[in-house]
Amino acid sequence: MNFIRKFFAAPLALVIILILSFALNFYKLGNRPLYGDESFHTVDIAAKSLSYITTTNFGSILYPLLLHFLLPLGKVEAMARIPAALFGFLSVWGIFL
């Protein structure tokens with residue numbers, strides 16, 4: 001019994017933590033309006049071409065690329081926040097490991 005408890009405790013805890021993290025990161029993602037620099041960067045990335053984004057971005061390239069392809073898919077507020085929520089969710093998994 002003790003072996004089973006040790007063997008299943010970590011994976012069960014990981015699943016519970018990941019479900020909680022997913023719920024907290026993605027709950028009402030698009031309900032609040034964009035504010036501050038969030039709206040500026042979203043409009044800037046949506047207005048620029050893909051080649052401009054890849055050649056002039058000196059920071060992280062993955063976030064603007066994901067945002068560039070997600071913005072045409074639907075509600076701007078939700079699509080603008082999906083990359084950050086996804087990375088937040090995956091970082092919880094990485095920290096757990």
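## Burial and overall form

A residue is called buried when its relative accessible area is under 20%, exposed when over 50%, and partly exposed in between, using a 1.4 Å probe and protein chains only. By this definition, 21% of the 97 residues of the protein chain count as buried. This is a predicted model, in which local features need pLDDT of at least 70 and side-chain atom pairs count only at pLDDT 80 or more, while totals for chains, interfaces and linings use all residues. Residues are numbered from 1 along each chain as its sequence is written, and side-chain values use heavy atoms, with hydrogens and water left out.

The C-alpha atoms of the protein chain fill a box of roughly 60 × 30 × 20 Å along the principal axes. The radius of gyration, taken over C-alpha atoms, is compared with a globule rule of 2.2 Å times the number of residues to the power 0.38. The protein chain has 18 Å, whereas a compact globule of 97 residues would have a value near 13 Å.

## Helices and contacts

The protein chain has five helices and zero strands, in the order α-α-α-α-α along the sequence. Helices (H or I, at least four residues) and strands (E, at least two) are DSSP runs, numbered from the N terminus.

A contact means heavy atoms within 4.5 Å. Among contacts in the protein chain with a separation of 6 or more, 61% join residues 24 or more positions apart.

Ser21 lies in helix H1, which covers residues 2-26. Its relative accessibility is 8%, so Ser21 counts as buried. Apart from neighbours within four places in sequence, Ser21 is in contact with Gly88, Phe89 and Val92. Ser21 and Leu34 are 13 residues apart along the chain, and their C-alpha atoms are separated by 22 Å.

Lys28 sits in the loop between H1 and H2. Lys28 is not a glycine, yet has a positive phi of about 50°. Most residues other than glycine have a negative phi.

A nonpolar core is a set of buried Ala, Val, Leu, Ile, Met, Phe, Trp, Tyr and Cys residues joined through side-chain atoms within 4.5 Å. The largest one here holds seven residues: Ile45, Ile53, Leu67, Leu70, Leu71, Met79 and Ala80. Helix H4 (62-70) and helix H5 (76-96) are the elements that give two or more residues to this core. In soluble globular proteins, nonpolar side chains tend to be buried together.

In H4, the buried residues are Pro64, Leu67, His68 and Leu70. These residues pack against helix H2 (37-47), helix H3 (50-56) and H5. Leu67 touches Thr42, Ile45, Met79, Ala80 and Pro83, with residues up to four places away in sequence not counted.

## The loop between H4 and H5

Gly74 is found in the loop between H4 and H5. Gly74 has a relative accessible area of 38% and is therefore partly exposed. From Gly74 to Thr55 there are 19 residues in sequence and 26 Å in space, C-alpha to C-alpha.
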